[in-house]
Amino acid sequence: MKLFGKKKETRTCCCDGNCTSETMQNAEKKKQGKGIKILGSGCAKCMELEKATRTALSELQLDYDIEHITDFSEIAGYGVMSTPALVFNGKVISYGKVLTVEEVKALLIK
């Protein structure tokens, strides 16, 4: 009798098992896109982060479009497990908390 057998591996994928080189390339292109993205479900905290980001952009006189991503598989593609998150030019610069306008400005200036 085997008590300690090897577990059967199960894999999950962000594209529901339909991974092709094309779908993977499209996902990577989305992540590398320029601009600002807010990752979150659309809750009050996500909206508050978006508002702070818009205010920071106007105060810094920067012209970026803000995209709000609510698709959890796309959010997971960024490696984010707690939202809201802020992505600037394809790089996650904050996650798991609502930033103030001053904090957003400091991150965007870096």
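This is a predicted model: local features need pLDDT of at least 70, side-chain atom pairs count only at pLDDT 80 or more; totals for chains, interfaces and linings use all residues.

1. Leu 49, Ala 52, Thr 53, Thr 55, Ala 56, Leu 57, Glu 59 and Leu 60 of helix α2 are in contact with Val 101, Glu 102, Val 104, Lys 105, Leu 108 and Ile 109 of helix α4. By class, the residues of this contact comprise nine nonpolar, two polar and three charged.

2. The geometry of this helix pair should be read with the contact list. The axes of α2 and α4, the latter spanning residues 101–109, come within 8 Å and cross at roughly 60°. The arrangement of α2 relative to α4 is therefore oblique. The crossing of α2 and α4 is right-handed.

3. The protein chain has an average pLDDT of 83, and 70% of the residues score at least 70. Among the elements of the chain, helix α2 (residues 44–60) has the highest mean pLDDT, at 96, whereas helix α1 (residues 21–32) has the lowest, at 63.

4. How many aromatic pairs does the structure hold? There is one aromatic pair. The ring centres of Tyr 64 and Phe 88 lie 5.3 Å apart and the ring planes stand at 75°, so the pair is classed as edge-to-face; the cut-off for that class is over 60 degrees.

5. Tyr 64 lies in the loop between α2 and β2 (66–69), and Phe 88 lies in strand β3 (residues 85–88). The two residues are 24 residues apart, and the pair thus links distant parts of the chain.

Definitions and conventions
Residues are numbered from 1 along each chain as its sequence is written. Side-chain values use heavy atoms; hydrogens and water are left out. pLDDT is the predictor's confidence in each residue, from 0 to 100. Helices (H or I, at least four residues) and strands (E, at least two) are DSSP runs, numbered from the N terminus. Axes are lines fitted to C-alpha atoms, for helices over the stretch in contact, and angles run from 0 to 180 degrees between N-to-C directions. Angles under 35 degrees count as roughly parallel, over 145 as roughly antiparallel, 65 to 115 as roughly perpendicular and the rest as oblique. A crossing is left-handed if the near helix is turned anticlockwise from the far one by less than a right angle, and right-handed if clockwise. Contact means heavy atoms within 4.5 Å. Ala, Val, Leu, Ile, Met, Phe, Trp, Tyr, Cys and Pro count as nonpolar, Asp, Glu, Lys and Arg as charged, and the others, Gly among them, as polar. Rings of Phe, Tyr and Trp (its six-membered ring) pair if their centres lie within 6.5 Å; planes under 30 degrees apart count as stacked, over 60 as edge-to-face and the rest as tilted.
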